[in-house]
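Please read the points below with the sequence and the model at hand.

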Amino acid sequence: MLVDLFENRLALALIVVLGVPAVLVLYIVAVEALLTRVSRRVSAAVRPWLWLAPALGFLGVFLVYPTLATIYRSFQNRRGDAFSGLENYVWFFTRSDTLIALRNNVLWVLLLPLLVVALGLGIAVLVDRVRYEVVVKSVVFLPMAISFVAAGVIWRLMYDLNPNTGTLNAALDLVNGPRVAWLSTSPINNLMLILVGVWMFTGLAMVILSAGLKGISAELLEAARIDGANEREVFRFVILPLLAPTIAVVATTVIIFALKTFDIVYVMTNGNFETDVIANTMYKELFANGQQGRAAAVAVVLLLATVPVMILNVKRFKQQEEVR
Amino acid sequence: MTQAPIAVDLPTQEPAGGRRGKKRRPGSVLHVVLTIIMLMWAVPTLGLFVASFRTAEATNASGWWTAIIPPWEFTFGNYDYVLNRAGFWDSFVNSLFITIPATVLVVMVSAFAAYAFAWMHFPGRNAIFVVVVGLLVVPLQVTLIPVLALFRDASLGGYELNGTIMAVWLAHTGYGLPFAVYLLRNYVGGLPRSLFEAAEIDGAGHATIFFRLVLPMSVPVIASLVIFQFLWVWNDLLVALVYLGPVPANHPLSVTLANLTTNFGGNWQFVTAAAFVSMVVPILVFFALQRYFVRGITGGAVKG
Amino acid sequence: MRATRGQFRVVVVGGAALALVLAACGGGEEDGDGGEGGGDEELSGTVSFIGSWSGDEQDSFLAMVAPWEEETGVTVEYTGTRDLSQQLTTGIASGNLPDIAGLPGPGPMNDWYGQGALQPLDFVDFDTYSGATPEGFADLGMSEDGTLIGVFTKAAVKGLIYYNTAVWTAEPPATWADLETAAGGLATGETAQWCVGLESGATSGWPATDWIEDIVLRQAGPDVYDQWVAGELAWSAPEITAAFETFGSVLENSYGGSDYIVNTAFGRGANPMFEDPPGCVLHHQASFITDFFVNEAGATPEQFDFFPFPDIDPQYTGGVTGGGDLIGMFNDTPEARSLIEYLLTPEAQQIWVERGGFISANSGVPLDVYPDETSMRSAEILQNAQTFRFDGSDNMPAAMSDAFNRAMVAFAQNPGDLDSILAGLDETQTDAYAAD
């Protein structure tokens, strides 16, 4: 049996390491080989779809289809056997606790991207100038690798009420400050949860922005400096405009993460003390309460909330097309 | 792949190593700022690290910072328990089997799509792209039930997808794509047009342009994508549990480690050790890909 | 496993016939052995099992099934999960269900039976099973149409009051009034009467729901308790309001104040009780808490002991609350049947009992096999209860039980908001029971 297991694993390992990339490369090679046999007009019309096909296939099955099913489901009752009109939406917008969740999400969407992008950009730019770049980046990146459960353990140690074990209160104790119940005092507790998010997600912004920064040619920066620009001006007039598209990508991503923020709240307070967020409401209705219709309605509200962000993105891409 | 036969008129850049000497002499303010930032980020992680070498009783009784001062009373008990958990190594291997293909799939498939979105013309291009990015917001949880039902109803030729490791890869690929396509399309779209025009004049087809030009030039952004996708899949608990169901032989590390604590949350101290144990591989990936975050690599790759 | 489904079908028929024969000729006592001894020639393959037991509990469960595996040659594939509701809800959608699973509560259990996912346990000898379990347990596993669909193996006794043996040296109090007087006398200076900790991640507040349940059962009686749990009595009713007020006075006399109470993990709640000087005299919790005393507070078993929750109104004497873990069957295979029958036997449960951390739901497990004094006495209380009631919040619809947990956190933080908290619970009650 052990041999079987080993053999299966070996086969699997081969598929994993060689098979998957080979299939993907072969797919594109085959597509292009096929397209050379048809007329130029046909190939130009078909090619984009064939290049997109794998992505659209995956997205169709795992995201588009379930989204359509969710929209449909949001108009149905609990058991999913009859239509209930807008009842699930009425429920969402008339409960005091879901409205508090909505308010908190607004807070998350405003603060998390602002802090994450600002810090991520700042760190990416600053570490670019020092020799211990890798050290700083690793330290900022580490939290991303920590599971939410473990993050819950450590941040409870940070926010603990008891100054003997709670880091923040111990620090306050040193300067004879007050003892603060960080997680149960509204509204600062929301800020404290957002800070956990900042701690976890700044690494993401930093890595992407740093990658973008490395793409800016050194000559350009040197040229600006030779022209007499000081470091602030180099940042303001060279780095910032060139990084703008990347910043937009990071900001959009973090805004969307903030919209569907769930794990941090679920692990730390589960929405008590007026810290609830809508994804947590959704999770609860979906799995614990067996209210799939309501959960679907919450998901649809989340979808609608991204529309303004998406409109801004379309505008940005049109600009990019014109410039390049 | 680095020996691209395409002559591209690029401004010549110095190799990566040469730049290092040119780094501006940073001021001491910069060092102070960076030190403060490092401290702010390291303190919670350090706290967790120290706690992972202490008993639950000790962590409850005194702050982790007191434990740093001798006499040290550290214990390897938490690590011992985690590493000797039944099924630990099997699930470690499973994690690799899930994470590697899910990462490769996402990177390749999203790169194809990003290239098409950025450099091909077709009707509805922007609309489709916005929908793809908009899918980022779809909460993973609501997709589970419809997709699982779909798999159940469409079991291909008697082959049941639910419960297999392959289902987990595929699912992670689907869930990872919106971010990946978005990130790559932005980068690939930002490459200079002259590059593509020159290649086309040389008679290069799309496959050649993609594999010899686009991919090598996108190495930094692909490196960051690999880091994130690897990390997310590696740490994922929900997708693995739901798609694998009651087949413990296929469970990844995250599932095995999540079961360290008891029903009522006892033994939480093992979670601290587990966090560092499961962090090792993603951190290695992060370090391994660090070298691609060096200025000049994109130019160098194309220049050949 | 899929490939062998066809073979299973044949065996199902055989197994069912065998079960019939056994039921026809076997007496109650032999029933437990039936699955073990009778079917072992036909049994093969695996039984998948999803439960909420993890860590040491998982190890103990596997030890418990090991003799059955050896006897039958069947392997138990166990998966532990934090969130049974999520796992089983998605499992039903995918059709990828375990053969046997722990169930999150009677509400979802009935839903899943209604959907045809959960299979009837008609092969279990009901009289033997219900005769050996505490009052009310067996009924909780019945569907609305009177079919047995869930069974209990592991139980917990709630409403035990723990004390530091160095501080509380008096006899157990006979009534709540006696307790208050005695505790009030011991609580001086830095020592409060009670230690309460409510933080528990996604279920924060539950230790206080146990408090309310214990108070309602003894202050207003079992009939009121049943009506309240069934959603027939409003939260703002005087009986329930009074229970909150009684608990409010406990909170007033608790260690650390409201910030401490709502922020402290329940497992560490009692830690001040073992400090010097003690932070409090008493701690109210279920039987499993002693593990936390040892692991989190560093207490030795001699340092603590407990007495049962005393009577409040003498006309409702002898009330006990408790809980347990339901088990149900999703795939009706002979192996699954055999395993469930085995798990219900006192012999199987004794294995986990001896390993510690397990109060058996089966009174056939002799008291002297319990490894320590506290678990033995807990089991004794369970077996001798005059009026036993299952944990009320576990028995309410999920949305109600969640709102109850949250309400307790809110109440502990701001006891002055009682009226609005109860009004909110009334609102949820209308919604949650109607939907169910």
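The numbered points that follow take up conventions, confidence, interfaces, domains and local features.

1. Basis of the note. This is a predicted model, in which local features need pLDDT of at least 70, side-chain atom pairs count only at pLDDT 80 or more, and totals for chains, interfaces and linings use all residues. Residues are numbered from 1 along each chain as its sequence is written, chains are lettered from A and ligands numbered from 1 in the order in which they are written, and side-chain values use heavy atoms, with hydrogens and water left out.

2. Confidence in chain B. The pLDDT (the predictor's confidence in each residue, from 0 to 100) averages 83 in chain B, and 87% of the residues there score at least 70. Residues 1-23 of chain B have a pLDDT below 50, and this stretch has 36 contacts in the model beyond near neighbours in sequence; contact means heavy atoms within 4.5 Å. Residues 299-304 of chain B also fall below 50, with twelve contacts beyond near neighbours in sequence.

3. Chains A and B. How many residues does each chain give to the contact between chain A and chain B? Chain A contributes 117 residues and chain B contributes 118 residues. The buried area (the accessible area, with a 1.4 Å probe, that two parts lose on being put together, summed over both) is about 10400 Å² here, and carbon and sulfur atoms give 76% of it. Zero salt bridges are found across this interface, a salt bridge being a side-chain nitrogen of Lys or Arg within 4 Å of a carboxyl oxygen of Asp or Glu. Nine residue pairs, both at pLDDT 80 or more, are in polar contact between chain A and chain B. A polar contact is a pair of N or O atoms within 3.5 Å; within protein, one must be able to donate a hydrogen and the other to accept it, and residues adjacent in sequence count only if both atoms are side-chain atoms. On the side of chain A that touches chain B, helix H2 (residues 40-73) of chain A supplies the largest share, 19 residues. That side divides into 80 nonpolar, 19 polar and 18 charged residues. Here Ala, Val, Leu, Ile, Met, Phe, Trp, Tyr, Cys and Pro count as nonpolar, Asp, Glu, Lys and Arg as charged, and the others, Gly among them, as polar. Helices (H or I, at least four residues) and strands (E, at least two) are DSSP runs, numbered from the N terminus.

4. Chains C and B. This contact takes 39 residues from chain C and 34 residues from chain B. About 2800 Å² is buried, 51% of it on carbon and sulfur atoms. The interface has one salt bridge: B:Arg85 pairs with C:Asp59, their closest N and O atoms being 3.1 Å apart. There are also 14 residue pairs in polar contact, both at pLDDT 80 or more. Among the elements that give two or more residues to the side of chain C are strand E1 (46-51) and helix H4 (84-94) of chain C, and H4(C) gives the largest share, seven residues. By class, the side of chain C has twelve nonpolar, 18 polar and nine charged residues.

5. Two domains in chain C. The domain assignment, whose bounds come from an automatic or database source, gives domain 1 (2-146 + 326-383) and domain 2 (157-320 + 391-435) of chain C. Their C-alpha centres lie 32 Å apart, and the contact takes nine residues from domain 1 and twelve residues from domain 2. The two domains bury about 900 Å² between them. In domain 1, C:Thr374, C:Arg377 and C:Ile381 lose the most area, together 54% of what that side buries. C:Arg377 forms a salt bridge with C:Asp305 at 2.8 Å between the closest N and O atoms.

6. A link across the sequence. The whole structure holds 23 salt bridges over all chains. One of them joins C:Asp391 and C:Lys158 (2.7 Å, N to O). C:Asp391 lies in the loop between strand E11 (387-390) and helix H17 (392-395) of chain C, and C:Lys158 in the loop between strand E4 (151-157) and strand E5 (160-164) of chain C, so the pair ties together parts 233 residues apart in sequence.

7. Backbone points to inspect. Most residues other than glycine have a negative phi, and most peptide bonds are trans. A cis peptide bond joins A:Ser186 and A:Pro187, with omega about 0°; A:Pro187 is in the loop between helix H7 (167-174) and helix H8 (188-214) of chain A. A:Asn176 lies in the loop between H7 and H8 of chain A and has a positive phi, near 55°. In chain B, a cis peptide bond joins B:Pro70 and B:Pro71, with omega about 5°.
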